[in-house]
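Hi there,

Here is the structure I promised to pass on. Have a look at it first, and my notes follow below.

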Amino acid sequence: MTVLIKQARVLGKECRQDIRIADGVVTQMAPTIPDTSADTIIEANGAWALPGLIDVHVHFREPGFTDKETIATGSVAAAHGGFTQVVAMPNLNPVPETLATTESLLAKNQQDGHVRIHQFAAMTTGLTSDTVVDMVALKKAGVLGFSNDGKGVQSAATMLAAMSAAQAIDAPIAAHIEDESLVNGGVINAGPIADKLHLPGIPTVSESSQLARDLQLAQATGVHYHACHVSTKASVDLIRWAKAAGIRVTAEVSPHHLLLDDTMIPGDNPNYKMNPPLRSPDDRAAVLAGLLDGTIDMVATDHAPHTAAQKTGSFSTAAFGIVGLETAFSLLYTHLVKSGVMPFAQLVQVMSRNPATAFGLSGGQLAVGEPADLTIMETNQPYPIDPATWFSKGHNSPFIGETVYGTTLATIVGGHIAYHKGE
């Protein structure tokens, strides 16, 4: 299949480009390319052609929780958001912890996925035990790495054993960083807003104290340690120290922790309930500064769909989580790029090139000879965020109704069109 994209803007190019794709590869970029041999022509009309976005932290809920999301709906939502690759987390039922359950899930990802889906397997059986899985067998089966996402590893001895096993096969550990003994049933960031709403708070030290432990263990083992959804100033400071010390650490931040803080929570509204919680304005400023200066490597959505019933009611009873695949680029482009906080090229880097580099994935750049994973993004026309236009089953977002810029016109994965607006 050949695809010809006509008159797209490309970062680093002074004039608009035509882009020819054949056999899954970008074969030509030039100001004008004849269209006589193309199977499909996409008229960009000055929209941006960007390397496909990559999200290293999503929840597709299948198997076990298909009322919330499926591999099919989640991956179409990813394509709609401009993502060509995602990494799916293992908090499923059954958990991908044995060879049989993992191979079944990998096959389902391949069968139903509309984008490239990489899979994390569990670090320990059941995500909560102290028994490390057979990482050698699971990596041979095709998993990208290991995570107990949704649960912090409470035992230092267990984390050390998991890191040692992962390091031996050069696999990354992606950590949900949370000391449960410090959470104490909290549902919102500890502080004045929690007090005002009469809700139990989650202290920032529940994250940073476990991160400090993990960084010491990562230094001792040499494992690639990835810090998920960093949310506090103390965590940013620790990661900055760790990188200076030569520890093999990467980190992600979610769009909601960059754009929202707990002072913006409008009362007891569970659409603002996520884990880690929205932190203080100082924490939000710190994670943004960390992203801008490279301490935090990438943006990841932590796309966590729930049913409407599960997100109805109060902070005290509703589920933690927010969807993000279909709003991440537009929100960050609107609030960071259009406002002058971040250069456009840097936003693309932290949403594409950096995650590819960190996890050894293909893609992350748009150039001749590279895999044809790209998205066509129009950034001039404002529109309201409307869940009626989404493909995800989950509509749990505090950003609904906000006016943003950044519409995906097409997403191409391996030379095949995964999403095309209006089709």
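How many residues of domain 1 are in contact with domain 2, and how many of domain 2 with domain 1? Taking contact as heavy atoms within 4.5 Å, 33 residues of domain 1 touch 43 residues of domain 2.

Before the rest, some housekeeping. This is a predicted model, in which local features need pLDDT of at least 70 and side-chain atom pairs count only at pLDDT 80 or more, while totals for chains, interfaces and linings use all residues. Residues are numbered from 1 along each chain as its sequence is written, and side-chain values use heavy atoms, with hydrogens and water left out.

**The two domains**

The chain divides into domain 1 (2-48 + 370-420) and domain 2 (53-359), with bounds from an automatic or database domain assignment. Their C-alpha centres lie 27 Å apart. About 3,000 Å² is buried between domain 1 and domain 2, with 65% of that area coming from carbon and sulfur atoms; buried area here is the accessible area (1.4 Å probe) that two parts lose on being put together, summed over both. Lys393, Asn396 and Phe399 supply 23% of what domain 1 buries against domain 2, more than any other three residues. The interface holds 1 salt bridge (a side-chain nitrogen of Lys or Arg within 4 Å of a carboxyl oxygen of Asp or Glu).

**Pockets**

A pocket is an open set of points on a 1 Å grid over the protein atoms alone, with protein on both sides within 12 Å along at least five of seven lines; lining residues have an atom within 4 Å of a point. Volumes are the space filled by probe spheres set on the points, which are joined across faces, edges and corners.

The largest pocket has a volume of about 570 Å³. Its lining has 25 residues, with Asn91, Gly150, His176, Asn275 and Phe320 nearest the centre.

The second largest pocket comes to about 310 Å³. It is lined by 20 residues, and His80, Tyr383, Thr389, Thr407 and Thr408 are the closest to its centre. Both domain 1 and domain 2 contribute at least three residues each to this lining.

**Cavities**

The whole structure has 4 cavities of 30 Å³ or more, a cavity being a set of points where a 1.4 Å probe fits but cannot get out. The largest cavity holds about 60 Å³, and its lining includes His176 and Asn275. The second largest cavity has a volume of about 50 Å³; Phe399 is one of its lining residues.

Best wishes
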